[in-house]
Amino acid sequence: MKRLLVFIICACTAQAVWAQNHTVSGCVVDKATGNPIPFASISLKGTYKGTTAAEDGTFLLEKVPGGQQTLEAWVLGYDKNTAEITVEGDVSGIRIPLSERSSEIDEVVVTATRTERVLLDVPIATQVISGHSLEKMQQASFRDLLEYEIPGVEFTNNGGYANINMLGFGGKYVLFLVDGERMAGESFDNIDYNRIDMDNIERIEIVKGASSSLYGSNAVGGVINIITKKPDEPFQINAGARYGSRNEINGNLTVSSKLKWGTVSVTGTYKSMSPYLLKERAPLEEIYPDGTIVEKPQGDSYVAGYTSYNITPKLTFNISDKLNLELRGGYFFNERNPGGIDGTKVRDRFYDYNGGGKLNWKIADNQNFSLSAYYDRYDKYDFYMLLDETEKNYENSQFRTSLLYDLSIKDKHYIVAGADFMSDMLMTYMFDSEGANDKREAYTWSVFTQQEWQLLKPLTLVAGLRYDYHSQFKGHLTPRIAFMYRPVENIAIRGGYAGGFRSPTLKELYTNWWHPYGGGFQIVGNADMKAEISNNFNISADMRFGKTAITAMAQYSDIQNKINSVWLHEDTIQYRNVGHARVFSTELTVTQRIGRCVSLQGSYTFVKDDLGKNSTVRPHTATFKADYTATFISRRYSPTLSLCGKWLSGMDTYGVGVIDDGDVSGIEQTADYKVHYEGYTIWRLSLDIPLPFNISLSLGINNLFGYTPRFSSFYSSISPGRTYYIALRWRLR
């Protein structure tokens with residue numbers, strides 16, 4: 001018996017030693033040339049084991065457990081790749097090919113066609129920001145990401161809220177989606193950017209230009225679709241913490257799992273920041289046609305702080321090989337602190353409840369069908385601090401259900417067709433001048449189709465048509481005709497025409513509110529307005545020459561029945577159809593890699609509209625970004641230093657003011673005045689350092705040279721000056 005026991009112990013010990021003592025060797029090579037790639041990082045997926053390839057591309061990984069294993073290899077300038085191996089002893093001769101990359105052309109995207117397509121083959125111009133790039137950027141918020149990284153985007157101050165302008169289009173023309181679903185709630189035509197968790201983003205897809213034929217109203221200026229992460233391991237934990245100036249605190253935790261029956265993940269975030277004061281360096285000057293300059297009293301204004309948290313669970317069930325069900329929901333809370341004395345008395349509290357599901361049926365390898373339903377409700381309360389009481393004054397709820405079918409015929413003909421129903425309800429005290437809450441609703445039924453034909457190998461044509469029936473504005477057809485031409489493999493030319501349709505928002509139709517600040521003025525809706533109809537033309541070219549990528553784009557929009565807020569006189573603003581509006585914009589982006597350590601990117605945008613004195617766009621914008629990875633310090637733990645900047649040109653805006661001509665009759669006279677907003681530049685410097693045990697450390701300085709606006713107004717920057725941050729990320733997989 002003792003001998004048997006000793007034999008078992010020895011056998012088990014030998015087995016344990018054998019299981020942990022294998023070696024795996026091989027070489028990392030360039031997929032296109034077959035040449036070895038030096039100093040690539042190789043790791044055993046699901047463990048902390050890893051090594052670095054030698055100068056000739058070879059590697060040796062020791063103490064590898066037996067069984068099925070996955071090797072991961074990556075290096076700057078190449079796409080990550082994996083190799084599946086079976087370890088039953090020492091393994092040699094493994095080759096891991098890596099594809100050189102100059103952009104995100106191999107990403108699978110969905111926004112431009114509502115079907116999964118490789119970015120390289122998408123006939124509609126689409127920009128992608130990958131999750132890997134987002135990790136390197138370490139932006140604190142989605143708003144910061146758009147402001148620093150996307151050319152032609154600016155945020156200004158509107159009542160303490162961030163107000164977006166993208167290539168001449170405000171927030172009501174840009175459709176924001178999360179996993180393809182609209183977001184309820186708006187603050188001055190913007191979504192609540194705090195709702196978006198930067199650490200749970202797989203990628204961001206940006207379609208600039210009209211996409212109403214697929215997405216309906218609000219997609220005239222573009223679509224920004226945030227795709228959230230999906231589990232790809234049996235057990236994963238992602239955690240992060242960040243601390244910065246203005247008492248900025250960000251924390252996030254995601255626990256997820258991929259199993260045979262499906263996936264499960266839960267993400268939680270916490271964010272807070274103190275309000276900050278915009279101190280004016282000079283008074284705002286109203287310049288009148290006769291040369292008179294009226295200086296407004298110089299003062300300071302607050303940009304609101306916040307405390308927010310959310311939790312987002314997601315489940316998928318693989319019902320069969322061809323049928324799966326996706327379920328997701330979320331809860332979000334945000335307390336907005338307006339700052340100053342006001343912040344000690346009354347604060348805004350926001351709550352969001354959302355949930356829905358999507359059933360996907362793979363009818364065949366070339367056919368798919370999906371049915372989805374999603375509900376999103378965004379509430380706002382006044383929170384009276386001293387009384388510890390809340391009063392509801394706003395609710396926006398949206399319900400949307402959709403059917404979608406797509407078909408591929410011999411990979412040369414793609415058809416997508418679907419139907420949508422959406423209800424939109426808004427309740428607010430701003431609908432009644434007496435201050436009582438009132439409710440308004442609108443409904444939209446839609447059917448749409450988009451088809452692609454690859455007529456010749458280099459030429460693809462696109463045709464789309466959508467019909468929307470709005471409960472107030474009746475029926476409207478929105479067409480699209482586009483093409484993609486590839487004269488050679490590394491050049492793609494895209495262009496075409498797209499119709500646009502935007503129904504007035506419930507706020508634009510029914511607001512009747514006395515605004516108590518700024519001296520007080522009335523904001524009035526207009527239920528007799530017509531829907532905006534637009535004709536939009538675009539042309540773009542993507543060119544890739546080795547390590548150089550060039551993208552050029554131009555678009556022109558002619559908007560009929562343009563809706564704008566108009567000063568009727570000094571104390572009344574009304575929403576009105578102001579006639580035609582034309583917006584022309586161009587964008588040029590050049591990306592250049594120098595070796596495997598340096599990446600440079602520069603862009604320039606120009607925007608011109610014919611709104612005259614109603615225009616609020618800065619015509620010129622330029623961005624610059626440089627990344628340097630110091631591979632000589634540590635091949636495996638190579639830090640990346642990034643410098644990015646954005647320059648925005650100056651602009652003039654116009655308003656209506658009272659002039660004093662010395663007439664003792666007491667009759668007031670009004671005239672247009674001009675306000676000049678200076679151009680400005682903001683820079684950002686960051687350092688990202690990979691550390692052992694899947695930990696990353698990030699350090700950064702925002703607004704490196706400390707720009708602050710001369711004065712605080714509706715169209716001035718909301719930058720608080722120079723700020724600092726430090727962040728840690730940890731991943732267990």
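Here is a walk through the strands, turns and surface of this structure. This is a predicted model, in which local features need pLDDT of at least 70 and side-chain atom pairs count only at pLDDT 80 or more, while totals for chains, interfaces and linings use all residues. Residues are numbered from 1 along each chain as its sequence is written, and side-chain values use heavy atoms, with hydrogens and water left out.

Let us begin with two open sheets. Strands here are DSSP runs of E with at least two residues, numbered from the N terminus, and two of them pair if DSSP finds at least two bridges between them. Strand β1 (residues 22-30) pairs with β7 in the parallel sense over 6 bridges. To find this pairing on screen, look for Val29, whose bridge partner in β7 is Pro97.

Another open sheet contains 4 strands in the order β3-β2-β5-β6, and its pairing is antiparallel. β3 (50-52) and β6 (81-87) stand at the edges with a single partner strand each, so one side of each is left without a neighbour in the sheet. From one strand to the next, the twist averages 20 degrees. Within this sheet, strand β5 (residues 67-74) and β6 pair in the antiparallel sense over 7 bridges, and Gly67 has Val87 in β6 as its bridge partner.

Strand β34 (residues 491-502) pairs with strand β37 (residues 532-545) over 12 bridges in the antiparallel sense, and Gly499 stands opposite Asn535 in β37. β37 also pairs with strand β38 (residues 548-560), antiparallel and over 13 bridges; here Asn538 stands opposite Gln555 in β38. The hairpin of β37 and β38 has 2 residues between the strands, and Gly546 takes a positive phi near 65 degrees.

From β38 the pairing continues to β41, in the antiparallel sense over 12 bridges. Ile550 has Val590 in β41 as its bridge partner. A further 12 bridges join β41 to strand β42 (residues 598-609), and these two run antiparallel; Phe584 is bridged to Lys608 in β42. The β41 and β42 hairpin has 3 residues between its strands, with Gly595 in the turn at a positive phi of about 65 degrees.

His476 sits in strand β33 (residues 474-488) and counts as buried because its relative accessible area is 15%. Not counting residues up to four places away in sequence, His476 touches Arg466, Tyr467, Asp468, Gly500, Phe501 and Ile533, where a contact means heavy atoms within 4.5 Å.

Finally, turn to two loops. Most residues other than glycine have a negative phi. Asp388, however, has a positive phi of about 55 degrees although it is not a glycine. Asp388 lies in the loop between β28 (367-384) and β29 (389-409), and it counts as exposed because its relative accessibility is 60%. Asn561 is another residue other than glycine with a positive phi, near 60 degrees. Asn561 lies in the loop between β38 and β39 (563-569) and counts as partly exposed, because its relative accessibility is 23%.

Definitions and conventions: Buried < 20%, exposed > 50% of the residue type's maximum accessible area, 1.4 Å probe, protein only. Axes fitted to C-alpha atoms, helices over the stretch in contact; angles between N-to-C directions.
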